[in-house]
Amino acid sequence: MEEKKMTLDVNEKPAVWKWIILAIQHVFAMFGATILVPILVNSTAGAEVLTIPVALVTSGIGTLLYILCTKGKSPVYLGSSFAFIAPLAAAYLKGGISGAMTGVMVVGLIYIVVATIIHFVGKNWLDKLLPPVVIRANDYDYRSRTSSKCYFTNRLSFRNGI
């Protein structure tokens, strides 16, 4: 019996029909996650803190900005994060909608500060701050030494034909 190849190497491009199926699967997974976060935040807080349309629009805008900033080097969809469900609900319960939205803005500002530091200083300080299990998961050099195959990687590029 012939063994089926289930993974793509970093430089491999799937057949068009496989690419379409993977894209549809990705849309369903990301769309579901993006609408689930507002539902969970609202049910946890007991009030409407986030709305699904706002989550969809902001994830689309964020994705387009990310693709613009990275010049399409990394095909990423930026959706809602499940990590913020409890903090958003807690911020809403403690400070109302203004407390929750202030928290969201502060986190955004922290992201901008960290991204600026990485841009000017580099990412080596992260190697010292974070454990290898966190930072090596997206490191192609590490993965290529341990396994030449992977499902997805940050090194994929639209220009290289995914």
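Analyst: Contact here means heavy atoms within 4.5 Å. The model is a predicted one, and with that cut-off Val49, leaving aside its neighbours within four places in sequence, is in contact with Val41, Asn42, Tyr92, Ile97, Ala100 and Met101.

User: How many helices and strands are there in the chain?

Analyst: From the N terminus on, the order of elements is β-α-α-α-α-α-α-β. The chain therefore begins and ends with a strand, as the definition of helices and strands as DSSP runs numbered from the N terminus lets one read the order. The count is six helices and two strands.

User: What share of the residues in the chain is buried?

Analyst: Buried is taken as under 20% relative accessible area. The chain exposes about 11800 Å², of which carbon and sulfur atoms supply 69%. Of the 162 residues in the chain, the buried share is 19%.

User: Which helices do the buried residues of H1 pack against?

Analyst: Helix H1 spans residues 16-45 and reaches 44 Å from its first C-alpha to its last, close to the 44 Å expected at 1.5 Å a residue. Its buried residues are Ala33, Thr34, Val37, Pro38, Val41, Asn42 and Ala45. These residues pack against helix H2 (52-69) and H3.

User: Is Asn42 buried or exposed?

Analyst: Asn42 is found in helix H1, and, not counting residues up to four places away in sequence, Asn42 touches Ala47, Glu48, Val49 and Leu50. Its relative accessible area is 17%, and because buried means under 20%, Asn42 counts as buried.

User: Which element gives the largest share of the largest nonpolar core?

Analyst: The largest nonpolar core has eight residues in all, namely Val37, Val41, Ala45, Val49, Ile85, Leu88, Ala89 and Ala100. The elements that give two or more residues to this core are H1 and H3. The largest share, four residues, comes from H3.

User: Is Tyr111 buried or exposed, and why?

Analyst: Tyr111 lies in helix H3, which covers residues 85-121. On the surface, Tyr111 forms a nonpolar patch with Val106, Ile110, Val114 and Ile118, and together they have about 420 Å² of accessible area. Because its relative accessibility is 52% and the cut-off for exposed is over 50%, Tyr111 counts as exposed.

Methods:
Residues are numbered from 1 along each chain as its sequence is written. This is a predicted model: local features need pLDDT of at least 70, side-chain atom pairs count only at pLDDT 80 or more; totals for chains, interfaces and linings use all residues. Side-chain values use heavy atoms; hydrogens and water are left out. Patches are made of residues with over 30% relative accessible area and no salt bridge: like charges are joined within 9 Å, nonpolar side chains (Val, Leu, Ile, Met, Phe, Trp, Tyr) within 5 Å. Accessible areas come from the Shrake-Rupley method with a 1.4 Å probe; for residues, only the protein chains shown count as cover. A salt bridge is a side-chain nitrogen of Lys or Arg within 4 Å of a carboxyl oxygen of Asp or Glu. Buried means under 20% relative accessible area, exposed over 50%, partly exposed in between (1.4 Å probe, protein chains only). The expected span of a helix is 1.5 Å times one less than its number of residues. A nonpolar core is a set of buried Ala, Val, Leu, Ile, Met, Phe, Trp, Tyr and Cys residues joined through side-chain atoms within 4.5 Å.
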